[in-house]
Amino acid sequence: MPAVGNPNRSPVFRLVTIASSALGSFILGLWWLQTGFGDGIAGLSAQAVGGIIAGLCALAAGGAAMSFFAGIDESVDYVVKETQFDKLTGLLSRPAMIARIAEAAQSTVRTGEPVFLLDIDISRFKQINESIGYHKGDELVRAFAQRLKASLPANVVIGRIAASEFVVLYPDAYFTMSMEVIAERLIAELMEPYDLVTHQQSVNVSMGIVALPKDGDDPILLLRRSNLALQHARATGIGDWAVFHADIGRVADYRRWIEAELHGAFERGDFDLHYQPQIDLLKGRTVGYEALIRWKHPERGMIPPMEFIPIAEETGMIGPIGEWVLRKACRDARHLPEDCFVAVNISAVQFMTKDFVGLVSDIIRETGIEPKRLELELTETAMMQDRARAAVILKQLSELGVTVAVDDFGTGYSNLSYLIDFSFHKLKIDRSFVSRLETDQNSGAVVSTIVGLSRALGVDAIAEGVETENQATLLRAAGCDVFQGFLFGRPAPLRMSDADSSPARARSVSVH
């Protein structure tokens, strides 16, 4: 019998129950008639009436039994559906997947044929869910599950074990190519934008992999290890994957320490801003400074941003930290030359908060900075989380008079159609292209293309990560005139003379 969608009985079950009740009532009526009229009813003998009653009793009993067992079947079917399958996607639930992993582990020990467990997660799904709404978030999860299923062999076991986390049991016998190729292709397919009813949604996907029986045979341990590999992949970069190994456990311990320390560090005031100059060689002067956050722990010393920013995003600490950075940078801008701007990196999570434009507007008003002296740097990935909403936010920022720069341009999104829809003022050539200029001709072609694209769009271009004179020369030859990198200045604290730190004497202030 097919499973029902709720514990209420089906129409057939209710019909049988009513019929059984009616037969019972009819039998009681016959008994009363027999009692009232004596040995005969309508010319029938007492024996005939008794036989009729006995037959009807048997029929009623059979109907009641059928009704009872139909109810049991429905209840069992309902319980199976509720506990073994995920309501939203139809995939196996977490309890069911744990049971399947246990079965696979036992099978691999017995047969020696390995099985790989793939732990796949949509990064920052909580923030995506909050920004686009839970109904659309459910739509995204369903679309993701359908694409995941379509991207895998027909007989692999797939389950959903958390809001945005999926697990796949992939037998080695199904491999038609190496694990590296399978992982790369699967992630690439899953990261293609999703066409929701209202908009196109981009996601970042990470994957952790464990091997059965090499990495264990306990399903809970295997899931913990696959999740450690997943966290390692997420920390490594966009659309990455990792295979579990012993060192990952130590990395996970370090990440947990950072997570535990972040709030205390913020309360203690461990964070500071360093500034790196941006030089316009055509104008022959510094035109701006990028504010870069630094964390100096009282015991462990300097902790690189790449180690704590992703964890701050995952834990929600990026909200207060990002607001502090933006406010301090705007205040510090008072001590920079008046013809210099201050650039602030904005996290994807921070950018998609409910009233980001309102926060920027309030800070501009509080600090007194001219809007044109504030530049916000956003990555392509940040803007593509919710394309329609991002376009509105960018337009509002432009209306405020704030400059918007696309950071790490060329590394995050292959479809350049967003450049037509978004309001921005600058493209930052990623350091990965600059670092290969001297050894790779293709990098030079990419840089020239980005500079030409910026001119065609009527926006500026700046190269970051410039470290050698030869790189600067090649960039000038490609048409780029604005640079940022160690060649022109390292990030350093803003130092002001105690005797005179007024805005009127800001030009005497230097960045060391």
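The legends below describe close-up views of a predicted model.

**View A. Helix H7, its length and its start.** Helix H7 comprises the 18 residues 219-236, which at 1.5 Å a residue should span 26 Å, and the distance of 26 Å between its end C-alpha atoms agrees with that expectation. At the start of H7, the backbone nitrogen of Ile220 has a side-chain oxygen of Asp218 within 3.2 Å.

**View B. The buried side of helix H7.** Among the buried residues of H7 are Pro219, Leu222, Leu223 and Ser226, as well as Leu228 and Leu230. The buried residues of this helix pack against helices H3 (94-111) and H8 (246-268), and also against strands S1 (115-122), S3 (165-171), S6 (205-212) and S7 (241-243).

**View C. Glu314 and its two arginine partners.** Glu314, which is partly exposed with a relative accessible area of 35%, forms a salt bridge with Arg234, where the closest N and O atoms are 3.9 Å apart. This pair links distant parts of the chain, since Glu314 belongs to helix H9 (residues 305-315) and Arg234 to helix H7, 80 residues apart. Glu314 also forms a salt bridge with Arg255, with the closest N and O atoms 3.2 Å apart. Arg255 lies in helix H8, so this pair ties together parts that are 59 residues apart in sequence; Arg255 counts as buried, at 10% relative accessibility.

View D. Arg327 and Glu323 form a salt bridge whose closest N and O atoms are 3.1 Å apart. The two residues are four apart in helix H10 (residues 318-332), and are therefore separated by about one helical turn. Arg327 is buried, with a relative accessible area of 17%, whereas Glu323 is partly exposed at 29%.

Technical notes:
Residues numbered from 1 in each chain as written. Predicted model: local features only at pLDDT ≥ 70, side-chain atom pairs only at ≥ 80, totals over all residues. Heavy atoms only, no water. Expected span 1.5 Å × (residues − 1). Buried < 20%, exposed > 50% of the residue type's maximum accessible area, 1.4 Å probe, protein only. Contact = heavy atoms within 4.5 Å. Polar contact = N/O pair within 3.5 Å; in protein donor to acceptor, adjacent residues only side chain to side chain. Salt bridge = Lys/Arg side-chain N within 4 Å of Asp/Glu carboxyl O.
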